[in-house]
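Me: Before I rely on any label attached to this model, I would like each one set against its definition. Please take them one at a time.

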Amino acid sequence: MTTGVLALQGAFALHQSRLESLGEQVVQVRAPADLQGVERLVIPGGESTTVSMLAERFDLLGPLTEFAQSGKAVLGTCAGAILLSAEIQDGRADQHCLGAIDISTRRNGFGRQVDSFEQDVQIPVLGDPPFHAVCIRAPVISRVGESVTVLATIDSRPALVRSGAIIVSIFHPELVEDLRLHHLFLSL
Amino acid sequence: MSSTSFESTVPTTGSQLVKRGLAEMFCGGVIMDVVNPEQARIAEDAGACAVMALERVPADIRVDGGVARMSDPEMIQGIQAAVTIPVMAKARIGHFVEAQILEALGVDYIDESEVLTPADEAHHIDKWKFTVPFVCGATNLGEALRRISEGACLIRSKGEAGTGNIVEAVRHLRAINGDIRALTLADSAELFDWAKQLRAPLALVQEIAETGKLPVPLFCAGGIATPADAALAMQLGAQAVFVGSGIFKSDDPAPRAKAIVEATTNYLDPHILAKVSRGLGAPMTGIGMDDLDIKLADRGW
């Protein structure tokens with residue numbers, strides 16, 4: 001099975017190397033044609049406004065929405081969470097979201113870079129030990145719909161959520177050696 | 001602190017992981033120099049992944065002369081209010097109080113920059129003391145490793161700022177990546193001499209010999225004026241690009257900014273590069289290296 005990593009801007013190369021270390025075949029996605037044969041997709045962290053604009057300019061908004069609605073597995077981290085969400089708060093007026101998962105995200109809800117942090121988080125679906133979550137100018141998931149399951153929280157707010165085959169985290173699993181979240185994604 | 005049954009331990013800010021982490025998020029992107037809120041909005045509209053707030057772009061600093069310092073906090077705050085993307089700002093080499101002020105303003109990254117007039121001719125800022133991360137310029141691998149040992153979380157080529165001439169940035173990227181490649185072929189005894197020659201900590205030299213890459217991201221800065229320049233830097237191994245004077249000293253900044261963003265994403269696709277390079281108007285005029293009075297890249301130790 002081939003896993004795609006959206007490579008418009010951001011931490012796509014780190015996700016790719018984590019997935020490859022798990023034996024996955026990975027392709028970088030920059031255009032609709034790159035999605036051919038892709039069975040699973042990672043939407044990485046980066047600057048969400050930049051990713052939204054580039055997705056629009058390179059005609060990826062429609063194909064990405066279709067991909068997420070097709071039931072194939074999608075992992076969105078940080079900016080990826082924002083792009084996958086149903087509603088964006090504190091975004092640009094022209095910023096797009098795919099509506100792939102029924103959550104609202106508030107950009108930079110945890111503050112600026114001086115407020116960025118790392119913290120151990122219990123994630124029951126990943127078992128012990130706790131997962132080391134790195135949050136970089138992280139968004140806040142400010143609302144979750146009924147179809148969405150909260151898998152972990154940080155500061156009492158959802159940090160890892162799932163709906164069907166779509167998993168969304170506000171933190172960056174690609175920044176740590178722990179591969180359990182990527183492994184879970186590959187098992188969907 | 002309120003908590004649910006899921007959580008454990010307290011959050012840590014300002015760690016290397018958190019500071020280097022933001023640098024990773026800039027990868028594949030363009031960071032643009034801006035001198036006022038209007039330019040910052042043009043940069044954000046074009047798809048910049050961050051802006052660098054400064055009082056004068058390097059091309060103007062060259063023309064004006066005098067001492068170039070940290071920007072007025074009011075101007076930085078104006079830019080922070082104008083955009084939602086990360087805002088960086090420059091401090092003079094060794095001027096740790098300018099850095100303290102920038103941290104207090106909540107800037108997202110500090111560039112300890114040779115573009116400003118150095119405040120200390122022997123010491124760079126001890127960057128480990130700060131919560132805010134630092135980017136520093138380098139012309140070669142030894143300089144990059146000295147900056148990393150001082151706590152820099154992102155390295156950029158110095159290039160030659162304000163010239164619109166990519167030649168120096170190319171030299172610096174080739175020097176850094178060439179030496180990294182050579183290090184991976186050195187045997188363990190040779191690494192001691194490498195550390196001595198590079199004037200860099202042995203532990204970092206040994207780490208790079210093992211991993212084949214810097215422990216922090218490497219970006220390109222200094223002289224990028226066209227989409228092709230940005231793609232050249234990326235193909236030479238830069239993971240993102242800083243564009244200084246190249247955008248707002250050109251005839252028509254907005255489309256050029258957008259084209260450089262698109263070229264940076266699609267740096268390996270000549271057909272897209274051809275398409276985005278069309279009809280952008282005149283780039284900044286630029287300066288040949290032989291015509292320079294001052295080489296900014298010589299600043300830093």
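This is a predicted model: local features need pLDDT of at least 70, side-chain atom pairs count only at pLDDT 80 or more; totals for chains, interfaces and linings use all residues.

Me: Why is Arg199(B) placed in its accessibility class?

Reply: Arg199(B) has a relative accessible area of 57%, and this value makes it exposed. It also has a positive phi, near 55 degrees, in a residue other than glycine, and it sits in the loop between α8 (188-198) and α9 (202-211) of chain B.

Me: Is Pro133(B) buried or exposed, and how do you know?

Reply: Pro133(B) is buried, because its relative accessibility is 0%. It lies in the loop between β5 (109-113) and β6 (134-138) of chain B. Contact means heavy atoms within 4.5 Å, and, leaving aside neighbours within four places in sequence, Pro133(B) is in contact with residues that include Gln113(A), Lys19(B) and Cys153(B).

Me: How do you know that Glu150(B) and Arg147(B) are joined by a polar contact?

Reply: A polar contact is a pair of N or O atoms within 3.5 Å; within protein, one must be able to donate a hydrogen and the other to accept it, and residues adjacent in sequence count only if both atoms are side-chain atoms. The side chains of Glu150(B) and Arg147(B) are joined by such a contact at 2.8 Å. Glu150(B), in the loop between α6 (141-149) and β7 (154-157) of chain B, is buried at 18% relative accessibility.

Me: What makes the pair Asp45(B) and Arg92(A) a salt bridge?

Reply: A salt bridge is a side-chain nitrogen of Lys or Arg within 4 Å of a carboxyl oxygen of Asp or Glu. The closest N and O atoms of Asp45(B) and Arg92(A) are 2.8 Å apart, and the pair forms a salt bridge. Across the interface of chain B and chain A the rule finds five salt bridges, as well as 21 residue pairs in polar contact, both residues being at pLDDT 80 or more. On the side of chain B that touches chain A, the elements giving two or more residues are β1 (12-13), α1 (16-25), α2 (37-46) and α12 (253-265) of chain B, and α1(B) gives the most, with seven residues.

Me: What is the area buried between chain B and chain A?

Reply: Buried area is the accessible area (1.4 Å probe) that two parts lose on being put together, summed over both. Between chain B and chain A the value is about 3700 Å², of which carbon and sulfur atoms give 55%. The contact takes 48 residues from chain B and 48 residues from chain A.

Me: How do you know that β7(A) pairs with β1(B), and over how many bridges?

Reply: Two strands pair if DSSP finds at least two bridges between them. Strand β7 (residues 117-121) of chain A and β1(B) have two bridges in the antiparallel sense, and the bridge partner of Phe117(A) in β1(B) is Thr13(B). Antiparallel pairing over five bridges also links β7(A) and β8(A).

Me: What order do the strands take in the open sheet, and why do β8 of chain A and β1 of chain B stand at its edges?

Reply: The three strands run in the order β8(A)-β7(A)-β1(B), with antiparallel pairing. β8 of chain A and β1 of chain B each have a single partner strand, so one side of each is left without a neighbour in the sheet.

Notes: Residues are numbered from 1 along each chain as its sequence is written. Chains are lettered from A and ligands numbered from 1 in the order in which they are written. Side-chain values use heavy atoms; hydrogens and water are left out. Helices (H or I, at least four residues) and strands (E, at least two) are DSSP runs, numbered from the N terminus. Buried means under 20% relative accessible area, exposed over 50%, partly exposed in between (1.4 Å probe, protein chains only).
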